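Here's a quick briefing to read with the model open beside you. Have a look at the fold before going through the points.

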Amino acid sequence: MAEIELHGPANSSFVCAARVALEEKGVLYNLIEPDILRARGFRLADLLRYLAAQQPRLVEGDFALFDCDSILRYVDEGFEGPLLQPSAARPRAMMVEIQGIIREYLYPAAIGKIATQRLFAPFLGSATDLRLVEEAVQPMTDALQAIEQISLAAHDGEKSELLIGPQVTLADIALMPIASYLSMTPEGQKAIAASRRLARWWLSVSRRPSLARSWPGLG
């Protein structure tokens, strides 16, 4: 089998999610990061957009994928290891629905605005634009509440600290890096703490070895 390469900046939440999936499946891979922070000619705004939005690229021989959700599915379905998607139709659909909320609603607010302004901008020597942060708080909160409600419905009273069912799924993996960044911001901390369900979830998944091995922080 060809060596697995994962291309992209480690600080990207998409790249981190792909790494978590590879770690959960026990797939060996080589992370190849672009040296963008040392590149000349990039404006600060370009760097912020790049760090916030860069998708991973998975390469296996002459096969390549360029979208995080596609990579997550391929990693689960293409390699041996623990299953990361429910086999039953309803929980699987709920997992996909959570992924859709993360992609379309949570990510633009949580990473595109809050984490970018609270974390990436100061990291790169720029001031935080509090106006952008403030306008993203409600969309972030609404998205987290929607994820909470789906998770509650998926368990229907059963005790589990994960989003869907008793095992970690692609929904958990997609949310982990975003929650990691949110936990470093006052807005994110408040939103996660306001949800008993997500607070318990974060306490559980934040301790997973797969996330510890994949999470770059901002160093």
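What follows is a short tour, from the overall layout down to single residues.

This is a predicted model. The protein chain has 9 helices and 4 strands, and along the sequence they come in the order β-α-β-α-β-β-α-α-α-α-α-α-α. Of its 219 residues, 49% are buried. If you take the contacts with a separation of 6 or more, 69% of them join residues 24 or more positions apart.

**Strand pairing**

- Strand 3 (residues 57-60) pairs with strand 1 (residues 4-7) in the antiparallel sense, over 4 bridges.
- Strand 3 also pairs with strand 4 (residues 63-65), again in the antiparallel sense, with 3 bridges.
- Strands 3 and 4 make a hairpin with 2 residues between them. Gly61 sits in that turn and has a positive phi of about 65 degrees.

**Aromatic pairs**

- Searching the whole structure turns up 6 aromatic pairs.
- One of them is Phe63 with Tyr74, a tilted pair at 5.0 Å centre to centre with 50 degrees between the planes. Why tilted? The angle of 50 degrees falls between the 30 and 60 degree cut-offs, so the pair is neither stacked nor edge-to-face.
- That pair links distant parts of the chain, with Phe63 in strand 4 and Tyr74 in helix 3 (residues 68-78), 11 residues apart.
- Another pair is Tyr181 with Trp215, which is edge-to-face: 4.5 Å centre to centre and 70 degrees between the planes.
- This one, too, links distant parts of the chain: Tyr181 is in helix 6 (residues 170-182), while Trp215 is in the segment after helix 9 (209-214), 34 residues apart.
- Tyr181 is buried, at a relative accessible area of 1%, whereas Trp215 is partly exposed at 26%.
- Back with Phe63 and Tyr74, ring pairs tie these two and Phe79 into a cluster.

**Two residues worth a click**

- Val75 lies in helix 3. Its relative accessibility is 0%, and the cut-off for buried is under 20%, so Val75 counts as buried.
- Beyond residues up to four places away in sequence, Val75 touches Ala21, Leu22, Lys25 and Leu58.
- Val75 and Val27 are 48 residues apart in sequence, yet their C-alpha atoms are 8.3 Å apart in space.
- Gln99 is found in helix 4 (residues 89-123). Gln99 is buried as well, with a relative accessible area of 8%.
- What does Gln99 contact, leaving aside its neighbours within four places in sequence? The partners are Asp69, Leu72, Leu170 and Ala171.

**Pocket**

- The largest pocket has a volume of about 190 Å³.
- How does the lining of the largest pocket divide by residue class? There are 9 nonpolar and 5 polar residues, and no charged ones.

**Cavity**

- Counting cavities of 30 Å³ or more gives 1, and the largest cavity has a volume of about 30 Å³.
- The residues lining the largest cavity are Leu144, Leu175, Ala179, Leu182, Ile192, Leu198 and Trp201.
- Helix 6 and helix 8 (196-205) are the elements that give two or more residues to that lining. Helix 6 supplies the largest share, with 3 residues.
- By class, the lining of the largest cavity has 7 nonpolar residues, with no polar and no charged ones.

Technical notes:
Residues are numbered from 1 along each chain as its sequence is written. This is a predicted model: local features need pLDDT of at least 70, side-chain atom pairs count only at pLDDT 80 or more; totals for chains, interfaces and linings use all residues. Side-chain values use heavy atoms; hydrogens and water are left out. Buried means under 20% relative accessible area, exposed over 50%, partly exposed in between (1.4 Å probe, protein chains only). Contact means heavy atoms within 4.5 Å. Two strands pair if DSSP finds at least two bridges between them. Rings of Phe, Tyr and Trp (its six-membered ring) pair if their centres lie within 6.5 Å; planes under 30 degrees apart count as stacked, over 60 as edge-to-face and the rest as tilted. On a 1 Å grid over the protein atoms alone, a cavity is a set of points where a 1.4 Å probe fits but cannot get out, and a pocket is an open set with protein on both sides within 12 Å along at least five of seven lines; lining residues have an atom within 4 Å of a point. Grid points are joined across faces, edges and corners, and a volume is the space filled by probe spheres set on the points. Ala, Val, Leu, Ile, Met, Phe, Trp, Tyr, Cys and Pro count as nonpolar, Asp, Glu, Lys and Arg as charged, and the others, Gly among them, as polar.
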